[in-house]
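My entries follow in the order in which I checked things.

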Amino acid sequence: MTDFSKLLNPEQCAAATAGEGPLLVLAAAGTGKTRTLVHRVAYLIEQGVPPERIMLLTFTNRAAREMLDRAQVLIGDGVAGIWSGTFHSICARLLRRYGASLGYSPSFQIIDEDDQKKIVGEIIKTTVKNPKDFPKKEIVLKMISEAQNESKRLELIAERWQTKAAGFTPEEILAVAEKYAAKKMELGAMDFDDLLVNGLRLVKENERVRSMLQEHFLHVLVDEYQDTNGLQAEFTDILAAKHRNIMAVGDDFQCIYTWRGAQIENILEFPQRWTGCRTIKLERNYRSVPGVLAVANTVMRDAPNQFAKTLRPSRPDNGAGLPSLYRVFDDEAQCQEILARVTEARSHGYRLSDIAVLYRSHFHSIRIQMAFAKRGIPHRITSGIGVFEQLHVKDVLAYLRLCINPRDELSFLRFICLFNGVGERGAAKMWEKLGRQFDLRREEDRAALLELLPAKAKPLYPRLRKGMEIVEEHFDEDDVGEIIEDFVDLFYEDHLRREFEDQDATDRLEDIKELAAQIAGGDKQKSAREKLVDFLSDVALMTNLDVRRNDPSLDRVTLSTVHQAKGMEWPVVIVPWLCETLFPSGKAVEEGRVDEERRLFYVVVTRAKDRLHMFSPSMRRMADGGIYPVNPSIFVKEIPKELVERRNVQSISPGYGASSYSRGNGYGSSSAYGGRGGCYGSSGYRGRRY
DNA sequence: ACTTTATGCGTTTTT
DNA sequence: CGCATAAAGT
C-alpha cells in the first residue's frame, strides 16, 4: 500500500484519499492539481476500484494522456482500462456504442469547423434570398453553437444579433439551422457540439443506457471544472447521480472559455448542487518563485465572484528577483529585447525549451516568429490552425476516407475538386451522376468517373487510376503508408507543386509523410483498413496540442497563445503586447468581458516558474503603414510598483524607420499620431505613472 | 455556366 | 498572411 501522506502535502493527500461522496478541489495555479488527480486515481485503484469503472474527464487529450502516463508509473498497466479523455472524445466513444437509439450509426463521422462552414455556406447560398445582407456563415454557426451549448432557443439568440445588424429574420436563421441539422443527419455526421448535445441526450433520454452507465461508473473525476459548460456539467451530474462520487477539480481564477459556453457558476455553485460536498483548497504553490506569485495574487485580488484564494509560495527566490516590465518603443524594439532575454536566459543555463513566448492572439506573434527565424533560433509555434485542419492534410484524409467509405459525400467532393477544371458545382453534379457514391476500388465506378471528368482533367486520370488499383490490392494488408505514398507520388505531389511555392510544397509533403507514419504506427495487430478506421474515426478530435508532442530532444522556444498554454509551465515566460486593445483584447472590452481577460492574464503570469518578462510597446504599426501610440495594458498599470522591476528600453534612435522598414511610409500617415506628438520616443515613460 | 486568377481587406481565444 | 469578393478566361 502506498503511503500517500509521504508523497503529497496534507491538502493534496486529503483530496487524493478522500472517501465516498462529492468533492470539490479548488486548486490554484501550480499547486499540484495534476499530481493530486493522478494520486487520486492511483488511490482508487489500490482500493480495489476496477479501472474501467472510473471516468476521468479532461479538457485536452494531452492532459488525459499525461495523467494516465503518470498514474501508470504509480500503479502499472491497470490504468489502461480507465475511461479517460476530453468530454468530446468520451461522448464520441459512448455514442459509437449506444448512439443507435438516437439514430446514429456506430461509424458516424465527426466533422470539423471547415466542413461546418462549407455546409452552412452552401445552405445560405441556396436558400436565402439576399445573401448579401445575411450574416456570414461563421456568425450563423456561432449562433447555432451558442444555442446548443447554452441550451437556449436559437430565435432568441438570432433576435439579439438582429439588433446589431439587420438584413435577416430569426425565422431565416432557424430555417438554415434546420437544414444544417438535416444535412448532418443525411451525412450521418456530428459536429463538435453535437457530440456534447447527443452525449447528454443519451444519458438523459435513454433510461436503459442511463441507469446502466450510472451503475457502472463508480467514480467520476473532472479536471478543469471551471471551464465546463452547462451540457458538460449536466452530463457529469447525471453520470455520478447514482454513486455520488464526483470529484471536480479546478480553479475559478482560470476560467477562460466562457466565450465557448463555459459557466463559471458550475464551479462556484458546485457545493450547492451537491449536498454534502466537501471542499478542499490547494494554495501552496510549487511552481513559481515568490516574485511571480506576488504579482499573480494582485491580479485577482479584487475580482468579483470568486472563491478567495491566495497563492502561497513554497519555493525560495533563488536569485530570480522580481518579474520585469519592459517599456519598449515598438514592435521592432520588442523583438530585439525578447531576443536579448532569450540570450540572457541561455547564459543562465536555461535551455530553449525552458522558454515560452505567450501572447493573447496569434497575430501578435508574427514579428517575433520572424525575428527568431532571422536569428536562427529554433522555435515551435502553435499556429491558429491545427495540423489536421491544414488543407493538404485534409486532402489526403479525404482520399483515405473515400477509400473506406464510398458514400462519404464531403470527402468525395473535396477529392474530386483536386482535378483541374473541377470546382464546387461540377463536383456536386458528378456526385449525383455517380449515384451518390463512388467506390474507387470498383472498376465500374472508376470508368464512370472518367466519363464525367472534364477534358482538362482527363490526362491526370491514368496515374490516379493506378493509385486506385493499388488501393484495391493493398487495402486489407498491413501497409497504409503505401496507399498514401502512391496517392502522393502519382497525383498529389504535382498538385501541391502547382499550388504552392517550392519550399512550402516540400514542407507540406513532409507533413503528409509524418501523417502516414502516424497512421501506420497504430496497433500492430491490425490491418491497414482497421488502422485507418481507427485513425479517421477521431482524427477530428485531435488538436495540435496532442500532435505537437513535447519532444525534449527538440530544444526549442515555445510560441503559443495563452489559451493553449493553460496547464503548462516554463522556467522563463515572455509576454509581449501588454497594451490597450491587445491584452485585454479590444473586443472583449467593448463587450464588457474584461473579467475573463483578467483571468487570462492571471493564467499567463502563473505559467512562469522563475522569470517573467512582460512587454508593452508604446507604438503600434498598422497594416496601412501608419504608426499609432498605444497605452500600456490596464493589467500592467494595476501592478503595484514595488512588485516589478521596470526597464525602459531606449534602443531606438529617431530616423531608423527609413532603414528598417521597407514597407509603408513609417511616420507619414497624417492621422497616425492623432495629434499627440511627443508621447513616444526619448522622453519615454520614465517618471510617469505606469 | 463554372473555374481560375487578381485584388483588397482585416485579424480573439478552440474542443 | 488568409479569405472573400470581383473580373477574366475556358
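**Conventions.** I take two strands as paired if DSSP finds at least two bridges between them. Helices (H or I, at least four residues) and strands (E, at least two) are DSSP runs, numbered from the N terminus. I note that this is a predicted model, in which local features need pLDDT of at least 70, side-chain atom pairs count only at pLDDT 80 or more, and totals for chains, interfaces and linings use all residues. Residues are numbered from 1 along each chain as its sequence is written, while chains are lettered from A and ligands numbered from 1 in the order in which they are written.

**Entry 1, the sheet of 7 strands.** I find an open sheet of 7 strands with parallel pairing, in the order β13-β14-β12-β15-β16-β11-β19. The edges are β13 (379-381) and β19 (645-648); each has a single partner strand, so one side of each lacks a neighbour in the sheet. On average, neighbouring strands are turned by 20° against each other, direction ignored. For angles I use axes fitted as lines to C-alpha atoms, for helices over the stretch in contact, and the values run from 0 to 180 degrees between N-to-C directions.

β13 pairs with β14 (residues 557-561) in the parallel sense over 3 bridges, and His 379 stands opposite Val 557 in β14. Helix α16 (residues 331-347) packs on this sheet and touches β11 (324-328), β12 (355-359), β14, β15 (570-575) and β16 (608-617). The direction of α16 makes about 160° with that of β16. Contact here means C-beta atoms, placed from the backbone, within 7 Å. Helix α17 (residues 366-375) lies across β12, β13 and β14, and runs at about 170° to β14.

I checked the loop between α16 and β12, where Asp 354 is found. Is Asp 354 buried or exposed? Asp 354 counts as buried because it has 21 C-beta neighbours inside 10 Å. The cut-offs are 20 or more other C-beta atoms within 10 Å for buried, 12 or fewer for exposed, and partly exposed in between, with C-beta atoms placed from the backbone. Leaving out residues up to four places away in sequence, Asp 354 touches Trp 570, Pro 571 and Val 572. Its C-alpha atom is separated by 7.1 Å from that of Val 557, 203 residues apart along the chain.

I find another open sheet, of 6 strands with parallel pairing, in the order β3-β2-β6-β7-β1-β8. Here β3 (83-86) and β8 (278-282) stand at the edges with a single partner strand each, so one side of each has no neighbour in the sheet. The twist averages 15° from one strand to the next.

I went through some of its pairs. β2 (residues 54-58) and β6 are joined in the parallel sense by 4 bridges, with His 219 as the partner of Ile 54. β6 and β7 (residues 246-250) run parallel over 3 bridges, and Leu 221 stands opposite Met 247. β1 (residues 23-27) and β7 pair in the parallel sense over 4 bridges, where Leu 26 has Gly 250 as its bridge partner. Helix α12 packs on the sheet, touching β2, β6 and β7, and its direction makes about 160° with that of β6.

Glu 224 lies in the loop between β6 (219-222) and α12 (230-240). Its phi is near 50°, positive in a residue other than glycine. Glu 224 is buried, with 25 other C-beta atoms within 10 Å. Thr 581, in the loop between β15 and α28, has a positive phi of about 70° although it is not a glycine. Thr 581 counts as partly exposed, with 17 C-beta neighbours inside 10 Å. Pro 584 lies in the loop between β15 and α28, and a cis peptide bond with omega of about 10° joins Phe 583 and Pro 584.

Which residues are closest to DNA strand B? I get 29 surrounding residues, the closest being Thr 86, His 362, Gly 423, Gly 426 and Thr 543. A residue counts if its C-beta atom, placed from the backbone, lies within 6 Å of the strand. α20 (424-433), α27 (562-565) and α28 (586-590) are the elements that give two or more residues to this surface. α20 gives the most, with 4 residues.

Key: Two residues are in contact if their C-beta atoms, placed from the backbone, lie within 7 Å.
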